Amino acid sequence: MKFYLILEVTLLLIAVTWAQNPKKKLLLPKPSKAQCCDEVRSLKVQVANLTSLVEELSRKQETDLMNVVRQIMDLDQQNRQQEARVTEAESKYSEINNRVEIMQLQTLQSAPQTSSDAIYDCASLYTKNYRISGEYKLPKDDFLGTPDLNVYCDMETKGGGWTVIQRRKIGLTSFNRDWKQYKHGFGSIRGDFWLGNEHIYRLTRQPMLIIKNSWESRFAEYSFFTLANELNSYKLFIANYSGNAGNSLRYHNNTNFSTMNKDNDKCVDDCAALRKGGYWYNCCTDSNLNGVFYRHGEHTRSSDGITWYGWHGSNYSLKKVEIKIRPVGFQP
């Protein structure tokens, strides 16, 4: 009983004390104004430091990225230089082989020749055991009345013996030339070129076979091909098509050659000006192998590309074309 009495008294005293001081509460001390400002400044300094650190890391990342890009570019340049050296070495090797061939040819030419020994073209060289494709020099021949002439010989395609009279594969040589240039020829024998109408005329005074190759190994072959002389505007005569590219030269048969300054076509329009090349234009084209070189094939401009309608129509420009000839009676 004593225990409970004491407890009740204690509780009573606490209650009396609370009643006398009802408004007194336990309050936390408020921070001073100066203390708040110091904390804000400290936070601002920390934020500024973090921002600076992030910017520094970003700059370092950009610098590292630029260094990587430079290293890639340097490696790419080194690779191109190495490829150029290899290409140059291959070219020199080929040139040495060709020089050996030419020296052998010149030795052969120093001996007295009859008409049966005359070197007409690449087929003649082939029969004398020149079997490597490349640039050769056809000698001056009084019997045929032909001057020295550098030609490119294809000694591999379909038995070899081909004299290349036109090539389009690089696209740096313009074929929109005048009559004189088409007469004598232009371009590089190892690159893009036109051999020259006068030279082609002399080469085709014997019956010739013509073949045209494209980038995708299509071909059009004619068992008869010849040109008239300049007085007859290098008129084209072809016959007997075979191949898988379409007979798109037939429309140009029995037509004169035209250039930018000599309009010999059968049309009111100036086809050479419209098609931007020299060719045997009719009115105007089913083919235009001396047109504008378009690098991406398809084009939406007028039909002035390197076209062969029987295969790709008028809005596709071939990426590679060769025209080459050899005698009909040639036997590999």
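Visitor: Which backbone oxygen does the side chain of arginine 326 reach?

Guide: The side chain of arginine 326 reaches the backbone oxygen of lysine 158 at 2.8 Å. A polar contact is a pair of N or O atoms within 3.5 Å; within protein, one must be able to donate a hydrogen and the other to accept it, and residues adjacent in sequence count only if both atoms are side-chain atoms. The model is predicted, with local features needing pLDDT of at least 70 and side-chain atom pairs counting only at pLDDT 80 or more, while totals for chains, interfaces and linings use all residues. Residues are numbered from 1 along each chain as its sequence is written, and side-chain values use heavy atoms, leaving out hydrogens and water.

Visitor: What lies 2.7 Å from a polar atom of the side chain of arginine 326?

Guide: That atom is the backbone oxygen of glycine 160. Arginine 326 itself belongs to strand β11, residues 321–327; strands (E, at least two residues) and helices (H or I, at least four) are DSSP runs, numbered from the N terminus.

Visitor: Why does arginine 326 have no salt bridge?

Guide: A salt bridge requires a side-chain nitrogen of Lys or Arg within 4 Å of a carboxyl oxygen of Asp or Glu. The nearest side chain of opposite charge, glutamate 221, is 6.4 Å away, so arginine 326 has no such partner. For charge, Lys and Arg count as positive and Asp and Glu as negative, whereas His and the chain ends are not counted.

Visitor: How many salt bridges does the structure hold?

Guide: The structure holds ten.

Visitor: Why is aspartate 304 called buried?

Guide: Buried means under 20% relative accessible area, exposed over 50%, and partly exposed in between (1.4 Å probe, protein chains only). Aspartate 304 has a relative accessible area of 1% and is therefore buried. Lysine 276, at 37%, counts as partly exposed. The side chains of aspartate 304 and lysine 276 meet in a salt bridge of 3.4 Å, N to O. Aspartate 304 lies in the loop between β9 (287–288) and β10 (307–308) and lysine 276 in the loop between α6 (271–275) and β9, so the pair ties together parts 28 residues apart in sequence.

Visitor: What makes the link of cysteine 267 and cysteine 283 a disulfide?

Guide: A disulfide is a pair of cysteine sulfur atoms within 2.5 Å. The sulfur atoms of cysteine 267 and cysteine 283 are 2.2 Å apart, so the pair qualifies. Cysteine 267 is buried, because its relative accessible area is 16%, whereas cysteine 283, with 37%, is partly exposed.

Visitor: How many disulfides does this rule give?

Guide: The count comes to three. Among them is the link of cysteine 122 to cysteine 153, with S to S at 1.9 Å. Cysteine 122 lies in helix α3 (residues 122–127) and cysteine 153 in strand β2, 31 residues apart. Another disulfide joins cysteine 271 to cysteine 284, also listed at 1.9 Å.

Visitor: Why is cysteine 122 called buried?

Guide: Its relative accessible area is 0%, so cysteine 122 is buried. Cysteine 153 likewise counts as buried, at 0%.

Visitor: Which pattern do the disulfides of the protein follow?

Guide: With bonded cysteines counted along the chain, the pattern is 1-2, 3-5, 4-6.
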